[in-house]
Every structure is written in structure tokens, then in C-alpha cells.
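This report is written for a reader meeting the structure for the first time. Please keep the sequence and the model in view while reading.

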Amino acid sequence: MTRTTSGTPEGPPPADRSGPQGFVAEVKDAVSVRAAVLVIGVLALQIAFITSYIGAFHKPEPHRIPIAVAAPTAELTGRTVNLLAGLAGEPLDPSAAPDEASARRRIETREADGALIVRPGGGPDRLLVASASGASLADALTEVVAGAERERGRSVEVVDVVPDSPGDARGLSSFYLVVGWCVGGYLCAAILAISAGARPANGHRALIRLGALLLYSIAAGLLGTVIAGPVLDALPGSVPALWGLGALLVFTVGAITLALQGLAGIVGIGLAILLVVVLGNPSAGGAYPYPLLPPFWREIGPALPPGAGTFAARSIAYFRGNGAAGPMLILAAWAVAGALITTVCALRRPARAPADPPGSGG
């Protein structure tokens, strides 16, 4: 007969958790299998981050930098183009221009990153560069062309025809502005999708979240532009144009995040970080423009939101918008695709989707 204390039956003695089985049980209670899988995913994302950034930046080398060449005669122009095209490692991609004005115009329209103006006689040639496209790119171009000129017994005078703003150290302000916009885009989308109490999206919720993201994007685009322009005087250029770019970029990154979250649940947020931060930022042409990046990053950069945004921001700030149309179309395509996938994922949820835990789907 079981003895009682104060009228309460004695239960079985507490389980001994001091042994191996007890410790394993405690670990399982503390870290679920799902949490362990997510932690492993975070580790993989961290290693990918390190690999991508160091891989992109550890050894910048010029590769096929577009440069226009103008000389007094077509024959001299052709010889100079051939000389520059034959440099070891193909650091330059030269093309003939009829005259200096045409060569300069190619820089201003972002068709070329520099121009070599060959002078007759023994006078120094002129190298036109645009530090607004990236100071590291202008430095690399100067080094390559100066070396080639020395080999043929000539000297070169460097002229910066599109300088960056005095408040824009090494032309990086546009890149950092774009990075800030991208961070805001995926954080806003993540909060809308998985914040405490948020319910999985159905069609109406998906449209409401996209609408909230749009309002956030408009505000973020304006505030970022005002801070970078009038407040800090770091970026010149049209305030409305930069505002429009910022709003489009923030909405694009947010829509991509919502779409991936709709496809893969909470893992989709990690995929958005992989796409935008791990792959997008080092290939954006910020610290090192495209011609200085290794092949993989050079190829993917223009197609990803940070790269398209950085190129467009520099075009608006320094080149009167020349060259910005293509990157803006890329951003618009990403935005439309993200919004459509977000909506389709929400509409295809089962009828009992509200019972799912927050963050488990679109």
C-alpha cells in the first residue's frame, strides 16, 4: 500500500537525468531537430559569406576595361588599339574613336571607362578617366595605360573628366546607399512574414504585405536619398531620380524575400540573404567595379539587385542618368517576379493554412 503525505499519494521517484540518456534527453529538449538544421544552415551561410567576400576582393585584377582610343590619324589609332588589345592578360578592351570629343562622350554615356588621346610628336598623351565610376577602376586603368606608354617610350597625362563628389570618398557612397536600401528591404519583408503573431499569408494578406512593403520602400527611398544628398552632401544628382531608384530597389529586395519565404518558409529568408548579401554585395561593383572582379562575380553582378542598384545610382549621381535604364529594368523584372510568386504562393495555400505556425509559409 502506497503511503501518503498530507493525503496525497506518493508518485514514482523522479527520473535520473545524471546519466547519458538523461543528458541526451535534455539536449533534445533544448535544441529541436528543426533548430539544429537551421543552425547548420546558418553555419553554411556564414562560410559562404566569408568565401564570397574574400574570393571577390582578395586579388583584384583588371580585365577588359573598356577604353576609347583617339589619335590624329586612323592608322595611328589602329596601331594604338592593337597595342593595347595585345597586352598580357587582356587588361583593356580598346576601341577606336574618331576624335577626342567622341571618346569623351563614350565615358559620359558609360560606354567606356576611359579614353586615351594620342598626341602627335613627343608631347605626352592624355588619359581620360572617370573616378565617379570607382576610384579603384580609375587607378587600375591609369597603371595599365601608363605602363604601356612607358614601354613605347611615351608619357601620359591623366585627366579626371567625371570626378566624384568631394564628400564621396573613392566613389563608395552610392554603393553603401544601395547596401542600406537592400538591408532595409529584406528586413522589412522578414518582419512582415514571421513577426510574432503574424499569420501565414493568404491572398488578401499577401497583397496587404506587399502594399505595406511598397509604403516602406517609398519612405526608405526618400530618406536614404535625403541623407546621402542634401544632408551629408555625399552624392550629387537628381533627388527624385535617386528616390525612385531607392524605392524600386527596396521593394525589389523585399518582394524577393517574401517570394522565397513563400516558397521555402523561414529558410527562404536565409536564401534571400544568400542572394542579396552573400552573392549580391561583393559582386555589386562597389569597392571594385566589374572589370576588377574575378570572372564569377563579374558575370553575376549586373544581374543581381545590389549590382544593378549600384550602377544605376552612380549613373544618376554623376552621369545624368546615362546607362541607368538597363539596371532599372533588371530591378523591375525582379520586383514583378517577386510580387507574382508571393501572391501565387499565398493563393495556393491549403484552406487550413491559418493553423500553420507563423513563418512556415508565404
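## Basis and overall make-up

This is a predicted model, in which local features require pLDDT of at least 70, side-chain atom pairs count only at pLDDT 80 or more, and totals for chains, interfaces and linings use all residues. Residues are numbered from 1 along each chain as its sequence is written, and side-chain values rest on heavy atoms, with hydrogens and water left out.

The protein chain has twelve helices and seven strands. These elements are DSSP runs numbered from the N terminus, a helix being H or I with at least four residues and a strand being E with at least two. Of the 362 residues of the protein chain, 46% count as buried. The term buried denotes under 20% relative accessible area, exposed denotes over 50%, and partly exposed lies in between, as computed with a 1.4 Å probe on protein chains only. Among contacts between residues at least 6 apart in sequence, 73% join residues at least 24 apart; a contact requires heavy atoms within 4.5 Å.

## Strand 3 and its partners

Strand 3 covers residues 65-70. Five of its six residues are buried, so strand 3 is largely enclosed by the rest of the structure.

Which strands pair with strand 3? Strand 4 (residues 92-96) runs parallel to strand 3 and is joined to it by five bridges. Strand 5 also pairs with strand 3 in the parallel sense, over four bridges. Pairing of two strands means that DSSP finds at least two bridges between them. Individual positions illustrate both pairings: Ala-68 stands opposite Ser-95 in strand 4, while Ile-67 has Gly-114 in strand 5 as its bridge partner.

Strand 3, helix 3 (residues 74-85) and strand 4 together make a right-handed β-α-β unit. The crossover is called right-handed if, with the strands pointing away from the viewer, the path from the first strand over the helix to the second runs clockwise. The loop between helix 3 and strand 4 contains Glu-90.

## Helix 4

Helix 4 spans residues 100-108, and its buried residues are Ser-102, Ala-103 and Ile-107. Viewed down the axis of helix 4, these residues fall within an arc of 150 degrees, so they line one face of the helix. The arc is that of the directions from the helix axis to the C-beta atoms. The buried residues of helix 4 pack against strand 3, strand 5 (114-117) and strand 6 (125-129).

At the N-terminal end, helix 4 is capped by Asp-99, with a side-chain oxygen 3.3 Å from the backbone nitrogen of Ala-101. After helix 4 comes Arg-110, whose phi is positive, near 65 degrees.

## Selected residues

Leaving aside neighbours within four places in sequence, Glu-149 is in contact with Leu-116, Asp-125, Arg-154, Ser-155 and Val-156.

Two residues other than glycine have positive phi values in loops. For Glu-90, phi is near 50 degrees. For Arg-170, which lies in the loop between strand 7 (156-160) and helix 6 (173-194), phi is about 55 degrees.

Helix 6 also contains Val-183. The C-alpha atoms of Val-183 and Val-276 are separated by 8.7 Å, although the two residues are 93 residues apart along the chain. Ile-208 belongs to helix 7 (residues 203-231). Between the C-alpha atoms of Ile-208 and Leu-192, 16 residues apart along the chain, the separation is 9.9 Å.

The table lists the accessibility of several residues.

| Residue | Relative accessible area | Class |
|---|---|---|
| Cys-182 | 1% | buried |
| Cys-188 | 13% | buried |
| Val-183 | 30% | partly exposed |
| Glu-90 | 38% | partly exposed |
| Arg-170 | 47% | partly exposed |
| Ile-208 | 59% | exposed |

How many disulfides does a search of the whole structure find? The search finds zero disulfides. A disulfide is counted as a pair of cysteine sulfur atoms within 2.5 Å. Both Cys-182 and Cys-188 are buried.

Notes: Polar contact = N/O pair within 3.5 Å; in protein donor to acceptor, adjacent residues only side chain to side chain.
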